[in-house]
Amino acid sequence: THGDRIEWFIALKEWMETQQQQKSTPVIIPKIERVLYLGSYIHIGTSAVWPSHVTYVDMDKKAVQFFENHEDDEIVTLIRDRRNKHPSLGDNSNENDTTSKESSSSKISFQFLNADYNNQKKLQMTLLGSESTTNIEKGNEHVTSSGTSGDHGRLYDLLISSYAGFV
């Protein structure tokens, strides 16, 4: 998808990984496993960089149509194609190469919420699963926003709002 800023996300991921390895870094940078992308439109490149789970939030009609009108496998294929175009993401080797960073069978998990990210209280209820909304879950692994925070004590490790304005 045009304009999804994948190059910027790759640079951010690489910088974060470098900072995680440096013991002298004054700030603890978590491993990114869950991403919240407010004002995402259809910029699925984020899932190419962080495939473990991305929650896309937008009210744009074209974004809603995109996620409603595409089958799971179609979107996963689009995400894998984005990964294959970038050697640093590790999904572009042959399937017999056991030294690659990630095999082609790695799980891609994402969720689209047709929600207003400007209404903080309603968004919080939606993310915690207590608000009714259009919730389209796609990918190899269906993940719901049930409010469980996993082992790390937080719902999301990274907030992206590059198109959402001030959040």
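Predicted model: local features only at pLDDT ≥ 70, side-chain atom pairs only at ≥ 80, totals over all residues.
The N-terminal end of α3 is capped by D60. A side-chain oxygen of D60 lies 2.8 Å from the backbone nitrogen of K62.

## The nonpolar cores

The largest nonpolar core has 29 residues. Within this core, W50, Y56, F67 and F110 have the most contacts. At least two of its residues are supplied by each of α1 (6-21), β1, α2, β2 (54-58), α3, α4 (72-84), β3 (109-114) and β5 (158-160). The largest share, five residues, comes from α1.

Another core, of 10 residues, lies apart from the largest one. Its members include L36, V57, Y117 and L127. In soluble globular proteins, nonpolar side chains tend to be buried together.

## The loop residue S40

Between β1 (35-38) and α2 (45-49) runs a loop that contains S40. Is S40 buried or exposed? S40 has a relative accessible area of 0%; because buried means under 20% relative accessible area, S40 counts as buried.

Leaving aside residues up to four places away in sequence, S40 touches Y56, V57, D58 and F112. Of these contacts, Y56 is among the residues with the most contacts inside the largest core, whereas V57 belongs to the core of 10 residues.

How values were computed
Residues numbered from 1 in each chain as written. Heavy atoms only, no water. Helix = DSSP H or I, 4+ residues; strand = E, 2+ residues; numbered from the N terminus. Buried < 20%, exposed > 50% of the residue type's maximum accessible area, 1.4 Å probe, protein only. Contact = heavy atoms within 4.5 Å. Polar contact = N/O pair within 3.5 Å; in protein donor to acceptor, adjacent residues only side chain to side chain. Core = buried A, V, L, I, M, F, W, Y, C linked by side-chain atoms within 4.5 Å.
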